[in-house]
Amino acid sequence: MDIEEDIRALQLDSAAEDNNGVVNPENAKLEEVEKSDKMVEDPKEEVQAQPVQTEAKVKDKEVSSVGDKEEEEELNRKRHLNVVFIGHVDAGKSTTGGQILFLSGQVDERTIQKYEKEAKDKSRESWYMAYIMDTNEEERVKGKTVEVGRAYFETETTRFTILDAPGHKSYVPNMISGASQADIGVLVISARKGEFETGYERGGQTREHVQLAKTLGVAKLLVVVNKMDDPTVKWSKERYDEIEGKMIPFLKSSGYNVKKDVLFLPLSGLVGLNMKTRVDKSVCSWWNGPCLFEALDAVEIPLRDPKGPFRMPIIDKFKDMGTVVMGKVESGSVREGDSLLVMPNKVPVKVQAVFIDEDRVKRAGPGENLRIRISGVEEEDIVSGFVLSSVSNPIPAVTEFVAQLQILELLDNAIFTAGYKAVLHIHSIVEECEIVELLQQIDPRTKKPMKKKILFVKNGAVVVCRVQVISSICIEKFSDFPQLGRFTLRTEGKTVAVGKVTGV
(Lines give C-alpha, C1' and ligand atoms only; values in the text may rest on other atoms or scores of the structure.)
Protein backbone atom coordinates (compact mmCIF):
# COMPACT_ATOMS: atom_id res chain seq x y z
CA MET A 1 0.00 0.00 0.00
CA ASP A 2 2.84 2.37 0.89
CA ILE A 3 4.45 1.90 -2.51
CA GLU A 4 1.16 2.76 -4.22
CA GLU A 5 0.88 5.91 -2.13
CA ASP A 6 4.42 6.90 -3.00
CA ILE A 7 3.72 6.46 -6.68
CA ARG A 8 0.57 8.51 -6.36
CA ALA A 9 2.45 11.24 -4.51
CA LEU A 10 5.03 11.35 -7.29
CA GLN A 11 2.29 11.61 -9.91
CA LEU A 12 0.73 14.47 -7.98
CA ASP A 13 4.08 16.21 -7.75
CA SER A 14 4.66 15.99 -11.46
CA ALA A 15 1.10 17.20 -12.03
CA ALA A 16 1.76 20.02 -9.60
CA GLU A 17 4.73 21.24 -11.63
CA ASP A 18 2.52 21.49 -14.69
CA ASN A 19 -0.05 23.29 -12.61
CA ASN A 20 2.36 25.83 -11.20
CA GLY A 21 2.18 23.89 -7.99
CA VAL A 22 -1.62 23.91 -7.74
CA VAL A 23 -3.16 20.56 -7.06
CA ASN A 24 -6.90 20.45 -6.84
CA PRO A 25 -7.44 17.43 -4.60
CA GLU A 26 -10.69 16.54 -6.30
CA ASN A 27 -8.96 16.33 -9.66
CA ALA A 28 -5.83 14.69 -8.45
CA LYS A 29 -7.12 11.24 -9.26
CA LEU A 30 -7.97 12.27 -12.82
CA GLU A 31 -4.72 14.12 -13.37
CA GLU A 32 -2.75 11.30 -14.93
CA VAL A 33 -5.46 10.38 -17.39
CA GLU A 34 -6.12 13.98 -18.36
CA LYS A 35 -2.45 14.47 -19.10
CA SER A 36 -2.32 11.53 -21.46
CA ASP A 37 -5.50 12.84 -23.09
CA LYS A 38 -4.00 16.28 -23.53
CA MET A 39 -0.98 14.85 -25.29
CA VAL A 40 -3.30 13.34 -27.83
CA GLU A 41 -5.42 16.45 -28.21
CA ASP A 42 -2.76 19.15 -28.32
CA PRO A 43 -1.11 18.42 -31.67
CA LYS A 44 -4.53 18.62 -33.33
CA GLU A 45 -5.24 21.96 -31.73
CA GLU A 46 -1.93 23.34 -32.91
CA VAL A 47 -2.59 22.20 -36.44
CA GLN A 48 -6.02 23.80 -36.42
CA ALA A 49 -4.68 26.93 -34.84
CA GLN A 50 -2.00 27.68 -37.44
CA PRO A 51 -4.22 28.37 -40.49
CA VAL A 52 -6.34 30.80 -38.47
CA GLN A 53 -3.26 32.72 -37.42
CA THR A 54 -1.73 33.01 -40.87
CA GLU A 55 -5.01 34.19 -42.37
CA ALA A 56 -5.30 36.88 -39.74
CA LYS A 57 -1.76 38.07 -40.43
CA VAL A 58 -2.27 38.18 -44.18
CA LYS A 59 -5.48 40.15 -43.81
CA ASP A 60 -4.06 42.78 -41.55
CA LYS A 61 -0.35 42.90 -40.86
CA GLU A 62 -0.73 45.56 -38.24
CA VAL A 63 -2.80 43.38 -35.92
CA SER A 64 -0.56 42.67 -32.97
CA SER A 65 0.24 39.01 -32.53
CA VAL A 66 -0.95 39.20 -28.91
CA GLY A 67 -4.43 40.23 -30.03
CA ASP A 68 -4.35 37.46 -32.63
CA LYS A 69 -3.44 34.82 -30.12
CA GLU A 70 -6.12 35.90 -27.68
CA GLU A 71 -8.80 35.91 -30.35
CA GLU A 72 -7.59 32.53 -31.50
CA GLU A 73 -7.58 31.11 -27.98
CA GLU A 74 -11.17 32.21 -27.60
CA LEU A 75 -12.18 30.73 -30.97
CA ASN A 76 -10.51 27.40 -30.30
CA ARG A 77 -11.99 27.13 -26.85
CA LYS A 78 -15.23 25.18 -26.78
CA ARG A 79 -18.20 26.70 -24.96
CA HIS A 80 -18.15 25.95 -21.25
CA LEU A 81 -20.98 24.85 -18.95
CA ASN A 82 -21.15 24.04 -15.24
CA VAL A 83 -23.41 21.08 -14.49
CA VAL A 84 -24.52 20.37 -10.93
CA PHE A 85 -25.80 16.91 -9.96
CA ILE A 86 -28.56 17.22 -7.38
CA GLY A 87 -31.10 14.85 -5.82
CA HIS A 88 -31.88 12.76 -2.76
CA VAL A 89 -29.14 10.84 -0.96
CA ASP A 90 -28.44 7.50 -2.73
CA ALA A 91 -30.23 8.46 -5.95
CA GLY A 92 -26.95 7.72 -7.77
CA LYS A 93 -25.49 11.18 -8.40
CA SER A 94 -21.82 10.28 -7.85
CA THR A 95 -22.19 7.00 -9.72
CA THR A 96 -23.71 8.79 -12.73
CA GLY A 97 -20.96 11.45 -12.60
CA GLY A 98 -18.29 8.74 -12.39
CA GLN A 99 -19.79 6.88 -15.32
CA ILE A 100 -19.78 10.08 -17.43
CA LEU A 101 -16.06 10.53 -16.74
CA PHE A 102 -15.39 6.90 -17.61
CA LEU A 103 -17.41 7.06 -20.85
CA SER A 104 -15.78 10.33 -21.93
CA GLY A 105 -12.32 8.82 -21.43
CA GLN A 106 -11.29 10.80 -18.35
CA VAL A 107 -10.71 7.66 -16.30
CA ASP A 108 -8.97 4.53 -17.58
CA GLU A 109 -9.95 0.89 -17.18
CA ARG A 110 -7.10 0.24 -14.71
CA THR A 111 -8.34 2.87 -12.25
CA ILE A 112 -11.86 1.47 -12.50
CA GLN A 113 -10.60 -2.04 -11.69
CA LYS A 114 -8.77 -0.65 -8.65
CA TYR A 115 -11.95 1.09 -7.43
CA GLU A 116 -13.97 -2.06 -8.07
CA LYS A 117 -11.61 -4.07 -5.85
CA GLU A 118 -11.69 -1.35 -3.17
CA ALA A 119 -15.50 -1.29 -3.15
CA LYS A 120 -15.63 -5.10 -3.03
CA ASP A 121 -13.31 -5.11 0.00
CA LYS A 122 -15.81 -2.82 1.75
CA SER A 123 -18.60 -5.20 0.54
CA ARG A 124 -20.16 -2.35 -1.42
CA GLU A 125 -19.77 -3.65 -4.98
CA SER A 126 -22.16 -1.18 -6.56
CA TRP A 127 -20.33 1.89 -5.22
CA TYR A 128 -17.19 1.65 -7.33
CA MET A 129 -18.30 4.21 -9.96
CA ALA A 130 -19.07 6.74 -7.21
CA TYR A 131 -15.45 6.49 -6.02
CA ILE A 132 -14.38 8.46 -9.09
CA MET A 133 -16.27 11.48 -7.73
CA ASP A 134 -16.11 10.74 -3.97
CA THR A 135 -12.39 10.90 -3.40
CA ASN A 136 -12.05 11.22 0.35
CA GLU A 137 -12.14 8.31 2.77
CA GLU A 138 -15.12 9.54 4.81
CA GLU A 139 -17.22 9.70 1.65
CA ARG A 140 -16.19 6.20 0.62
CA VAL A 141 -16.81 4.55 3.97
CA LYS A 142 -20.28 6.06 4.32
CA GLY A 143 -21.10 6.03 0.62
CA LYS A 144 -22.25 9.63 0.97
CA THR A 145 -20.91 12.70 -0.79
CA VAL A 146 -19.99 15.43 1.69
CA GLU A 147 -18.10 18.06 -0.27
CA VAL A 148 -18.91 19.27 -3.75
CA GLY A 149 -16.81 17.08 -6.04
CA ARG A 150 -15.41 18.69 -9.20
CA ALA A 151 -14.41 17.04 -12.44
CA TYR A 152 -14.11 17.95 -16.11
CA PHE A 153 -15.12 16.27 -19.35
CA GLU A 154 -15.69 17.27 -22.97
CA THR A 155 -18.11 16.36 -25.74
CA GLU A 156 -17.84 17.36 -29.41
CA THR A 157 -19.02 20.92 -28.80
CA THR A 158 -18.79 21.66 -25.08
CA ARG A 159 -16.45 21.59 -22.09
CA PHE A 160 -18.27 20.63 -18.91
CA THR A 161 -17.40 21.01 -15.25
CA ILE A 162 -19.33 18.51 -13.14
CA LEU A 163 -20.24 19.68 -9.65
CA ASP A 164 -21.37 16.62 -7.69
CA ALA A 165 -23.43 18.06 -4.82
CA PRO A 166 -24.17 16.16 -1.61
CA GLY A 167 -27.73 14.79 -1.32
CA HIS A 168 -27.79 14.30 2.44
CA LYS A 169 -29.75 16.92 4.34
CA SER A 170 -26.89 17.71 6.74
CA TYR A 171 -24.83 18.90 3.79
CA VAL A 172 -27.35 21.19 2.07
CA PRO A 173 -25.12 24.28 2.59
CA ASN A 174 -22.44 22.49 0.53
CA MET A 175 -25.06 21.72 -2.10
CA ILE A 176 -26.01 25.43 -2.19
CA SER A 177 -22.41 26.43 -2.90
CA GLY A 178 -22.31 23.85 -5.73
CA ALA A 179 -25.57 24.94 -7.31
CA SER A 180 -24.74 28.65 -7.11
CA GLN A 181 -21.93 28.06 -9.62
CA ALA A 182 -24.00 25.93 -12.02
CA ASP A 183 -25.61 26.75 -15.36
CA ILE A 184 -27.65 23.56 -15.64
CA GLY A 185 -28.84 21.02 -13.12
CA VAL A 186 -29.09 17.28 -13.52
CA LEU A 187 -31.70 16.11 -11.03
CA VAL A 188 -31.05 12.42 -10.38
CA ILE A 189 -34.06 10.41 -9.26
CA SER A 190 -33.98 6.75 -8.29
CA ALA A 191 -36.63 4.63 -10.02
CA ARG A 192 -36.10 1.79 -7.52
CA LYS A 193 -39.30 0.88 -5.69
CA GLY A 194 -39.52 2.88 -2.45
CA GLU A 195 -36.45 5.05 -3.16
CA PHE A 196 -38.25 7.62 -5.35
CA GLU A 197 -41.02 7.87 -2.77
CA THR A 198 -38.57 8.44 0.12
CA GLY A 199 -36.72 11.18 -1.78
CA TYR A 200 -39.89 12.90 -2.95
CA GLU A 201 -42.07 12.86 0.14
CA ARG A 202 -41.86 15.49 2.89
CA GLY A 203 -38.42 15.51 4.46
CA GLY A 204 -36.86 14.00 1.33
CA GLN A 205 -34.13 16.02 -0.40
CA THR A 206 -35.59 15.90 -3.93
CA ARG A 207 -38.05 18.71 -3.23
CA GLU A 208 -35.66 20.97 -1.32
CA HIS A 209 -32.95 20.56 -3.97
CA VAL A 210 -35.30 21.51 -6.80
CA GLN A 211 -36.50 24.64 -4.99
CA LEU A 212 -32.92 25.63 -4.16
CA ALA A 213 -31.72 24.97 -7.70
CA LYS A 214 -34.40 27.29 -9.07
CA THR A 215 -33.55 30.11 -6.63
CA LEU A 216 -29.84 29.70 -7.19
CA GLY A 217 -30.31 30.33 -10.89
CA VAL A 218 -30.12 26.83 -12.33
CA ALA A 219 -32.35 27.71 -15.28
CA LYS A 220 -32.35 24.39 -17.15
CA LEU A 221 -32.99 21.03 -15.55
CA LEU A 222 -32.38 17.54 -16.91
CA VAL A 223 -34.38 15.09 -14.81
CA VAL A 224 -32.69 11.71 -15.13
CA VAL A 225 -34.63 8.72 -13.87
CA ASN A 226 -31.76 6.50 -12.73
CA LYS A 227 -31.56 2.80 -11.72
CA MET A 228 -33.89 1.80 -14.57
CA ASP A 229 -31.97 -1.51 -14.73
CA ASP A 230 -32.98 -2.35 -11.14
CA PRO A 231 -34.84 -5.69 -10.69
CA THR A 232 -37.83 -3.80 -9.25
CA VAL A 233 -38.02 -1.59 -12.38
CA LYS A 234 -36.64 -3.50 -15.39
CA TRP A 235 -36.97 -0.46 -17.71
CA SER A 236 -40.73 -0.34 -17.05
CA LYS A 237 -42.51 2.48 -18.91
CA GLU A 238 -45.27 2.52 -16.23
CA ARG A 239 -42.76 3.31 -13.48
CA TYR A 240 -41.05 6.00 -15.61
CA ASP A 241 -44.42 7.62 -16.45
CA GLU A 242 -45.51 7.48 -12.79
CA ILE A 243 -42.36 9.36 -11.70
CA GLU A 244 -42.69 11.91 -14.52
CA GLY A 245 -46.37 12.40 -13.65
CA LYS A 246 -45.55 13.15 -10.01
CA MET A 247 -42.59 15.41 -10.75
CA ILE A 248 -44.12 17.68 -13.42
CA PRO A 249 -46.68 19.45 -11.17
CA PHE A 250 -44.01 19.91 -8.49
CA LEU A 251 -41.47 21.34 -10.98
CA LYS A 252 -44.14 23.74 -12.23
CA SER A 253 -44.91 24.89 -8.71
CA SER A 254 -41.16 25.50 -8.15
CA GLY A 255 -41.17 27.93 -11.07
CA TYR A 256 -39.80 25.80 -13.91
CA ASN A 257 -41.35 26.03 -17.36
CA VAL A 258 -41.57 22.27 -17.90
CA LYS A 259 -42.03 22.46 -21.70
CA LYS A 260 -39.08 24.78 -22.28
CA ASP A 261 -36.58 24.26 -19.47
CA VAL A 262 -36.99 20.66 -18.29
CA LEU A 263 -36.19 17.39 -20.03
CA PHE A 264 -36.86 13.92 -18.61
CA LEU A 265 -34.81 10.87 -19.62
CA PRO A 266 -34.31 7.31 -18.30
CA LEU A 267 -30.83 5.83 -17.73
CA SER A 268 -28.72 3.50 -15.67
CA GLY A 269 -25.70 5.20 -14.10
CA LEU A 270 -24.16 1.98 -12.83
CA VAL A 271 -24.06 0.12 -16.15
CA GLY A 272 -23.93 3.29 -18.29
CA LEU A 273 -27.02 2.77 -20.45
CA ASN A 274 -28.57 5.72 -22.35
CA MET A 275 -25.62 7.92 -21.39
CA LYS A 276 -23.09 8.24 -24.22
CA THR A 277 -25.18 6.39 -26.78
CA ARG A 278 -28.92 5.85 -26.95
CA VAL A 279 -30.26 2.84 -25.10
CA ASP A 280 -30.72 -0.26 -27.26
CA LYS A 281 -34.30 -1.04 -28.32
CA SER A 282 -33.83 -4.62 -27.07
CA VAL A 283 -33.33 -3.20 -23.54
CA CYS A 284 -35.89 -0.39 -23.65
CA SER A 285 -38.25 -0.51 -26.60
CA TRP A 286 -40.34 2.55 -25.71
CA TRP A 287 -37.65 5.28 -25.39
CA ASN A 288 -37.16 7.38 -28.54
CA GLY A 289 -35.59 10.47 -26.98
CA PRO A 290 -31.94 11.52 -26.65
CA CYS A 291 -29.23 10.02 -24.44
CA LEU A 292 -27.63 12.09 -21.63
CA PHE A 293 -24.64 13.37 -23.67
CA GLU A 294 -26.92 14.50 -26.52
CA ALA A 295 -29.22 16.23 -24.05
CA LEU A 296 -26.30 18.04 -22.38
CA ASP A 297 -24.90 19.12 -25.75
CA ALA A 298 -28.27 20.51 -26.82
CA VAL A 299 -28.63 22.79 -23.77
CA GLU A 300 -28.58 26.43 -24.81
CA ILE A 301 -25.97 28.45 -22.99
CA PRO A 302 -27.15 31.37 -20.83
CA LEU A 303 -26.14 34.73 -22.29
CA ARG A 304 -23.45 36.60 -20.39
CA ASP A 305 -21.79 39.89 -21.15
CA PRO A 306 -18.03 39.58 -21.85
CA LYS A 307 -17.79 43.39 -22.02
CA GLY A 308 -19.70 44.07 -18.80
CA PRO A 309 -18.10 45.11 -15.50
CA PHE A 310 -15.94 42.31 -14.09
CA ARG A 311 -17.47 40.21 -11.29
CA MET A 312 -16.01 37.04 -9.81
CA PRO A 313 -17.26 35.86 -6.39
CA ILE A 314 -14.40 34.11 -4.58
CA ILE A 315 -15.23 30.57 -3.44
CA ASP A 316 -11.77 29.57 -2.27
CA LYS A 317 -8.22 30.89 -1.85
CA PHE A 318 -4.76 29.47 -1.17
CA LYS A 319 -1.07 30.35 -1.29
CA ASP A 320 0.99 29.35 -4.31
CA MET A 321 3.82 31.70 -5.38
CA GLY A 322 1.51 34.47 -4.24
CA THR A 323 -2.20 34.59 -3.50
CA VAL A 324 -4.48 32.46 -5.68
CA VAL A 325 -8.28 32.88 -5.69
CA MET A 326 -10.85 30.57 -7.25
CA GLY A 327 -14.31 31.36 -8.56
CA LYS A 328 -16.64 31.57 -11.51
CA VAL A 329 -16.74 34.72 -13.65
CA GLU A 330 -20.32 35.99 -13.62
CA SER A 331 -19.75 39.04 -15.82
CA GLY A 332 -16.99 40.70 -17.85
CA SER A 333 -13.55 39.39 -18.86
CA VAL A 334 -10.15 39.26 -17.22
CA ARG A 335 -6.63 39.19 -18.64
CA GLU A 336 -3.12 39.04 -17.26
CA GLY A 337 -1.94 42.45 -16.06
CA ASP A 338 -5.44 43.77 -15.24
CA SER A 339 -5.92 45.92 -12.15
CA LEU A 340 -8.94 44.85 -10.07
CA LEU A 341 -10.46 45.50 -6.65
CA VAL A 342 -11.15 42.92 -3.95
CA MET A 343 -14.50 44.00 -2.52
CA PRO A 344 -15.89 44.83 0.05
CA ASN A 345 -12.45 45.86 1.41
CA LYS A 346 -11.60 47.91 -1.72
CA VAL A 347 -8.08 46.39 -1.89
CA PRO A 348 -6.43 47.11 -5.27
CA VAL A 349 -4.77 44.01 -6.80
CA LYS A 350 -2.99 43.10 -10.02
CA VAL A 351 -3.65 39.93 -12.02
CA GLN A 352 -0.43 37.92 -12.38
CA ALA A 353 -1.78 34.76 -14.05
CA VAL A 354 -5.11 33.23 -15.09
CA PHE A 355 -5.82 29.48 -15.20
CA ILE A 356 -8.78 27.61 -16.70
CA ASP A 357 -8.78 24.03 -15.35
CA GLU A 358 -5.04 23.29 -15.51
CA ASP A 359 -4.15 25.54 -18.46
CA ARG A 360 -2.68 29.01 -18.16
CA VAL A 361 -4.48 31.44 -20.47
CA LYS A 362 -3.99 35.10 -21.42
CA ARG A 363 -7.64 36.02 -20.93
CA ALA A 364 -10.97 34.49 -19.91
CA GLY A 365 -14.60 35.47 -20.32
CA PRO A 366 -17.82 35.01 -18.35
CA GLY A 367 -18.99 31.55 -17.29
CA GLU A 368 -15.47 30.20 -16.81
CA ASN A 369 -14.24 28.65 -13.55
CA LEU A 370 -10.91 30.32 -12.92
CA ARG A 371 -7.94 30.32 -10.64
CA ILE A 372 -6.36 33.78 -10.65
CA ARG A 373 -3.01 34.60 -9.08
CA ILE A 374 -3.11 38.16 -7.76
CA SER A 375 -0.58 40.43 -6.08
CA GLY A 376 -1.23 43.23 -3.61
CA VAL A 377 -3.16 41.24 -1.01
CA GLU A 378 -2.34 38.53 1.51
CA GLU A 379 -4.20 35.23 1.31
CA GLU A 380 -5.39 35.52 4.92
CA ASP A 381 -7.08 38.88 4.16
CA ILE A 382 -9.48 37.21 1.72
CA VAL A 383 -12.64 35.39 2.77
CA SER A 384 -14.87 33.33 0.50
CA GLY A 385 -17.75 35.60 -0.43
CA PHE A 386 -15.46 38.50 -1.33
CA VAL A 387 -15.77 39.55 -4.98
CA LEU A 388 -13.07 40.44 -7.50
CA SER A 389 -14.48 43.36 -9.44
CA SER A 390 -13.50 46.01 -11.95
CA VAL A 391 -12.00 49.26 -10.62
CA SER A 392 -14.15 51.59 -12.71
CA ASN A 393 -17.42 49.92 -11.75
CA PRO A 394 -17.00 48.06 -8.43
CA ILE A 395 -19.71 45.88 -6.91
CA PRO A 396 -21.74 47.59 -4.13
CA ALA A 397 -20.84 46.61 -0.56
CA VAL A 398 -23.80 46.91 1.83
CA THR A 399 -24.95 45.97 5.32
CA GLU A 400 -28.64 46.42 4.51
CA PHE A 401 -30.74 45.77 1.40
CA VAL A 402 -34.33 45.49 0.20
CA ALA A 403 -35.48 42.10 -1.05
CA GLN A 404 -38.54 40.28 -2.29
CA LEU A 405 -38.93 36.99 -0.44
CA GLN A 406 -41.08 33.95 -0.89
CA ILE A 407 -41.65 32.11 2.38
CA LEU A 408 -41.48 28.36 1.77
CA GLU A 409 -41.82 26.64 5.11
CA LEU A 410 -41.16 28.17 8.52
CA LEU A 411 -40.11 25.92 11.37
CA ASP A 412 -42.93 24.72 13.64
CA ASN A 413 -45.39 27.18 12.10
CA ALA A 414 -43.36 30.15 13.29
CA ILE A 415 -44.42 33.57 12.02
CA PHE A 416 -42.20 35.71 9.86
CA THR A 417 -41.88 39.21 11.25
CA ALA A 418 -39.38 42.02 11.92
CA GLY A 419 -36.65 40.62 14.14
CA TYR A 420 -36.67 37.20 12.43
CA LYS A 421 -33.10 35.83 12.21
CA ALA A 422 -31.78 33.37 9.63
CA VAL A 423 -28.65 32.41 7.68
CA LEU A 424 -28.33 34.13 4.32
CA HIS A 425 -26.78 32.25 1.38
CA ILE A 426 -26.05 34.50 -1.61
CA HIS A 427 -23.50 33.47 -4.31
CA SER A 428 -20.51 32.31 -2.19
CA ILE A 429 -21.54 34.28 0.94
CA VAL A 430 -22.89 32.65 4.09
CA GLU A 431 -23.85 35.32 6.67
CA GLU A 432 -26.25 35.67 9.57
CA CYS A 433 -28.99 38.18 8.86
CA GLU A 434 -32.02 39.77 10.47
CA ILE A 435 -35.27 41.00 8.93
CA VAL A 436 -35.51 44.63 10.04
CA GLU A 437 -38.84 45.63 8.53
CA LEU A 438 -41.63 44.15 6.43
CA LEU A 439 -42.48 46.74 3.77
CA GLN A 440 -45.38 45.21 1.83
CA GLN A 441 -46.98 41.92 0.91
CA ILE A 442 -47.34 40.92 -2.75
CA ASP A 443 -50.64 39.45 -3.91
CA PRO A 444 -49.73 36.06 -5.44
CA ARG A 445 -52.52 36.32 -8.03
CA THR A 446 -52.00 39.84 -9.36
CA LYS A 447 -48.25 40.04 -8.45
CA LYS A 448 -49.02 43.60 -7.24
CA PRO A 449 -48.33 44.97 -3.72
CA MET A 450 -51.28 44.83 -1.34
CA LYS A 451 -52.48 48.06 0.26
CA LYS A 452 -52.72 47.01 3.89
CA LYS A 453 -49.78 47.41 6.27
CA ILE A 454 -48.35 44.10 7.45
CA LEU A 455 -46.66 43.11 10.69
CA PHE A 456 -46.15 39.39 10.02
CA VAL A 457 -46.67 36.76 7.31
CA LYS A 458 -46.97 32.96 7.24
CA ASN A 459 -45.93 30.09 4.94
CA GLY A 460 -46.36 30.67 1.21
CA ALA A 461 -46.47 34.49 1.43
CA VAL A 462 -44.49 36.75 -0.89
CA VAL A 463 -43.21 39.81 0.91
CA VAL A 464 -40.90 42.80 0.36
CA CYS A 465 -38.66 43.47 3.34
CA ARG A 466 -35.44 45.08 4.55
CA VAL A 467 -32.67 42.67 5.48
CA GLN A 468 -29.66 43.54 7.62
CA VAL A 469 -26.29 41.77 8.01
CA ILE A 470 -23.54 42.46 10.53
CA SER A 471 -20.51 42.88 8.25
CA SER A 472 -20.75 44.40 4.78
CA ILE A 473 -21.37 42.00 1.87
CA CYS A 474 -21.11 42.33 -1.92
CA ILE A 475 -24.38 41.94 -3.75
CA GLU A 476 -26.13 43.34 -6.82
CA LYS A 477 -29.75 44.03 -7.69
CA PHE A 478 -31.34 40.92 -9.22
CA SER A 479 -32.44 42.96 -12.26
CA ASP A 480 -28.79 43.93 -13.00
CA PHE A 481 -26.97 40.66 -12.17
CA PRO A 482 -29.33 37.76 -11.45
CA GLN A 483 -26.44 35.52 -10.29
CA LEU A 484 -25.38 38.02 -7.61
CA GLY A 485 -28.87 39.03 -6.53
CA ARG A 486 -30.68 35.81 -5.64
CA PHE A 487 -30.48 34.13 -2.26
CA THR A 488 -31.90 31.63 0.20
CA LEU A 489 -32.63 31.97 3.92
CA ARG A 490 -32.10 28.93 6.12
CA THR A 491 -32.78 28.22 9.77
CA GLU A 492 -31.62 25.16 11.71
CA GLY A 493 -30.68 23.29 8.57
CA LYS A 494 -33.89 24.00 6.65
CA THR A 495 -34.55 26.37 3.78
CA VAL A 496 -37.29 28.72 4.99
CA ALA A 497 -37.37 31.32 2.21
CA VAL A 498 -35.97 32.18 -1.21
CA GLY A 499 -35.61 35.69 -2.56
CA LYS A 500 -34.09 38.28 -4.81
CA VAL A 501 -32.41 41.59 -4.06
CA THR A 502 -34.53 44.50 -5.32
CA GLY A 503 -32.60 47.44 -3.87
CA VAL A 504 -29.10 48.03 -2.48
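Among contacts in the protein chain between residues at least 6 apart in sequence, what percentage join residues at least 24 apart?

1. Overall architecture. The figure is 71% for contacts in the protein chain between residues at least 6 apart in sequence. This is a predicted model, and its protein chain contains 12 helices and 23 strands. Of the 504 residues, 51% count as buried. The chain exposes about 23400 Å², of which carbon and sulfur atoms supply 52%.

2. Geometry of helix α10. Helix α10 covers residues 237-253, and its 17 residues should span 24 Å at 1.5 Å a residue; the end C-alpha atoms are 25 Å apart, which agrees. At the start of the helix, a side-chain oxygen of S236 reaches to within 3.3 Å of the backbone nitrogen of E238. Just after α10, G255 adopts a positive phi of about 105°.

3. Buried residues of α10. The buried residues in this helix include R239, Y240, I243, M247, F250 and L251. An α-helix has 3.6 residues a turn, so residues three or four places apart point the same way.

4. Aromatic pairs. The model holds seven aromatic pairs. One of them joins Y240 and W286 in a tilted arrangement, with 5.1 Å centre to centre and 40° between the planes. This pair links distant parts of the chain, since Y240 belongs to helix α10 and W286 to the loop between β6 (262-266) and α12 (292-298), 46 residues apart. Y240 has a relative accessible area of 3% and is therefore buried. W286 also counts as buried, because its relative accessibility of 19% falls under the 20% cut-off. W286 pairs with W287 as well, here edge-to-face, at 6.3 Å centre to centre and 85° between the planes. Separately, F153, F160 and F293 form one aromatic cluster.

5. K281 in the loop between β6 and α12. K281 is placed in this loop. Its relative accessible area is 42%, so K281 is partly exposed. Leaving aside neighbours within four places in sequence, K281 is in contact with W287 and N288. With N288, the side chains are joined by a polar contact of 2.5 Å. W287, by its side, is buried, as is W286.

6. In soluble globular proteins, nonpolar side chains tend to be buried together.

7. A buried arginine. R311 lies in strand β7, residues 311-319. Is R311 buried or exposed? At 1% relative accessibility, R311 counts as buried. The side chain of R311 reaches two backbone oxygens: that of N393 at 2.9 Å and that of P394 at 3.5 Å.

Definitions and conventions
Residues are numbered from 1 along each chain as its sequence is written. This is a predicted model: local features need pLDDT of at least 70, side-chain atom pairs count only at pLDDT 80 or more; totals for chains, interfaces and linings use all residues. Side-chain values use heavy atoms; hydrogens and water are left out. Helices (H or I, at least four residues) and strands (E, at least two) are DSSP runs, numbered from the N terminus. Buried means under 20% relative accessible area, exposed over 50%, partly exposed in between (1.4 Å probe, protein chains only). Contact means heavy atoms within 4.5 Å. Accessible areas come from the Shrake-Rupley method with a 1.4 Å probe; for residues, only the protein chains shown count as cover. The expected span of a helix is 1.5 Å times one less than its number of residues. A polar contact is a pair of N or O atoms within 3.5 Å; within protein, one must be able to donate a hydrogen and the other to accept it, and residues adjacent in sequence count only if both atoms are side-chain atoms. Rings of Phe, Tyr and Trp (its six-membered ring) pair if their centres lie within 6.5 Å; planes under 30 degrees apart count as stacked, over 60 as edge-to-face and the rest as tilted.
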